Amino acid sequence: MKPKTNPILMDRLAEAAKEGRISRRSFMSTSMAAGVTASAATGLWTTSAKAEPKRGGLFRIGQHDGNTSDQHDPGKYVSFADIALAPTFRSYLTMINPDQSLGGDLATEWSASPDATEWTFKLNKDATFHSGKKVTSEDVIATLNHHRGENTTSAVAAFFTDVADIVADGDHAVVIKLTAPNADLPWIMPDYHMAICPANPDGTLNWQSADGSGPYKLVEFEPGVQSRLVRHDGWHGEGAYFDEVQFLYINDPNARQTALVTGDVDAVSLLENKTMGLLERDPNLLVDNVSSAQAITLAMHVDQAPFDNNDVRMALKLAIDREEIIEKITFGAATIGNDFHHAPSMPYFPSEIPQRQYDPDQAAALWKKTGLGDQPINVSTAESITTGAVDAMVLYAEQAKAAGININVVREPNDGYWSDVWLKKPFCMVTWGARPTPDVMYSLTYKKGAPWNETHWENERFNEVLTQAKGELDDAKRAEMYHEMGMLMRDDGGTVLPYFPNFVSGRRKNVQHIGQLAGSWSMDGGRAASRWWFEG
């Protein structure tokens with residue numbers, strides 16, 4: 001029987017459409033579920049929806065985490081400035097849509113063999129680089145090969161250990177052949193390192209030219225200072241409404257927020273949570289608070305004393321009051337962590353794993369066993385890591401005192417943190433962007449031999465189960481495997497994971513979007529420049 005139309009619901013949907021808080025897809029599906037015919041829903045959307053995006057203008061972004069060491073080799077991207085700039089001037093095979101689904105960028109479609117050991121990606125025949133060169137299979141092959149092989153310096157080499165070969169099927173299709181099944185392969189392709197660059201004649205990658213096929217052409221690049229781009233009229237995708245885009249790298253959170261309030265920038269990538277409520281009351285500003293699978297980790301090198309002792313690691317995990325940090329540092333804009341890197345927003349989340357609680361008495365007992373006494377334990381951090389990063393570590397140090405643990409907070413310079421501190425110092429604070437599946441996250445950071453294994457943790461059973469889960473097509477069995485991996489990491493790993501922070505960014509009121517934002521990275525998965533627009 002046809003459902004009865006709910007007029008109150010339809011009024012709310014119409015209001016959401018007028019304010020740009022709902023996408024057309026969500027509006028249509030909800031309207032039809034409420035008993036409205038497809039034609040009537042289309043008419044209601046047409047009369048209710050916010051005005052269509054308009055072209056024009058210079059979009060100025062106050063971007064955090066810009067570094068003088070930022071560069072164009074996609075295999076070495078590491079900062080948030082890299083992550084935001086890359087999809088603005090380069091393209092990827094696939095991308096995360098605003099509704100968190102997987103969509104195509106250069107790839108128009110993809111398919112797998114029945115055993116998921118061979119994947120075919122068909123390419124958009126209209127895609128061109130900014131130099132005028134057509135994007136072909138050879139460019140995709142050179143890009144993917146840049147991340148594999150014995151001599152690669154790519155941070156995502158671990159993604160390609162099971163790749164046997166990558167071949168062209170004509171000029172506009174690529175076939176990836178695997179030695180083991182991988183049902184998640186298309187979800188790997190939006191990783192920010194996978195930016196497609198032109199191939200050199202010898203098959204190597206020409207990333208040095210900064211030639212891209214993305215929505216905007218890079219015309220000026222001053223690492224740690226600013227980047228400027230102009231629209232690529234030959235872009236194969238939708239959007240790119242602005243005439244120009246400028247990234248201004250403002251690492252100081254107060255300066256970044258002030259630039260937004262005064263109108264010196266049109267949007268900022270990271271707001272201080274403690275001022276979120278105040279900014280929301282400003283009639284000229286809009287705040288986007290997006291749940292995500294990004295994570296804050298405290299990484300210990302488990303092959304270096306004193307972190308090679310699991311009693312030390314466990315004591316440090318028990319000596320942190322996660323709930324207090326979420327309340328006082330993130331102002332509630334976060335999800336509690338449990339010392340394994342699998343967010344509730346990811347598939348197969350093992351919710352039945354007991355939540356680790358703050359237990360200074362148990363931490364003290366373990367710490368006494370180590371014989372370290374009041375020996376200081378240095379933890380490195382920097383303001384640019386995340387909003388309230390330094391304050392969070394100061395609070396952690398206070399909490400640990402109840403267990404007799406002396407944590408010394410080392411405030412590092414923002415510039416160079418990722419090149420000079422992360423992966424080098426034995427205990428440091430890290431921010432991780434959201435990954436779409438647990439396999440992607442574990443393979444990138446916790447798999448044996450992964451270039452970004454920030455804790456140097458190598459657990460034989462963990463790696464065994466990780467390999468099994470990658471090829472398991474039974475969802476129930478796969479969930480059991482991720483439960484086991486979560487427990488192994490939680491109780492043996494070198495990671496303290498206090499929380500998964502929301503992406504909190506800000507924009508001037510005249511900056512508009514469809515009302516949904518990708519949760520893969522800040523500011524719509526790093527694609528604000530191509531998806532947003534100025535209100536007319």
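## Helices and charges

Start where two helices touch: Asp311, Val312, Met314, Ala315, Leu316 and Leu318 in α9 meet Pro360, Gln362, Ala363, Leu366, Trp367, Lys369 and Thr370 in α11. Contact here means heavy atoms within 4.5 Å. Helices (H or I, at least four residues) and strands (E, at least two) are DSSP runs, numbered from the N terminus.

Before going on, know that this is a predicted model, where local features need pLDDT of at least 70, side-chain atom pairs count only at pLDDT 80 or more, and totals for chains, interfaces and linings use all residues. Residues are numbered from 1 along each chain as its sequence is written, and side-chain values use heavy atoms, with hydrogens and water left out.

Back to our two helices. The axes of α9 (residues 310–318) and α11 (residues 360–370) come within 8 Å and cross at roughly 155°. That makes the pair roughly antiparallel, a label for angles over 145 degrees. Axes are lines fitted to C-alpha atoms, for helices over the stretch in contact, and angles run from 0 to 180 degrees between N-to-C directions.

Now for the charges. Side chains of opposite charge can pair when their charged atoms come close. A salt bridge is a side-chain nitrogen of Lys or Arg within 4 Å of a carboxyl oxygen of Asp or Glu, and a search of the whole structure finds 22 of them. Here are some:

| Pair | N to O distance |
|---|---|
| Glutamate 324 and lysine 328 | 2.7 Å |
| Aspartate 339 and arginine 356 | 2.8 Å |
| Aspartate 491 and arginine 356 | 2.8 Å |

Glutamate 324 and lysine 328 both sit in helix α10 (residues 322–328), four residues apart, or about one turn of the helix.

Aspartate 491 lies in helix α16 (residues 475–492) and arginine 356 in the loop between β14 and α11, so their pair ties together parts that are 135 residues apart in sequence. Arginine 356 is buried, with a relative accessible area of 5%, while aspartate 491 is partly exposed at 28%. Buried means under 20% relative accessible area, exposed over 50%, and partly exposed in between (1.4 Å probe, protein chains only). A network of salt bridges links Arg322, Asp339, Arg356, Arg490 and Asp491.

How values were computed
Parallel < 35°, antiparallel > 145°, perpendicular 65-115°, else oblique.
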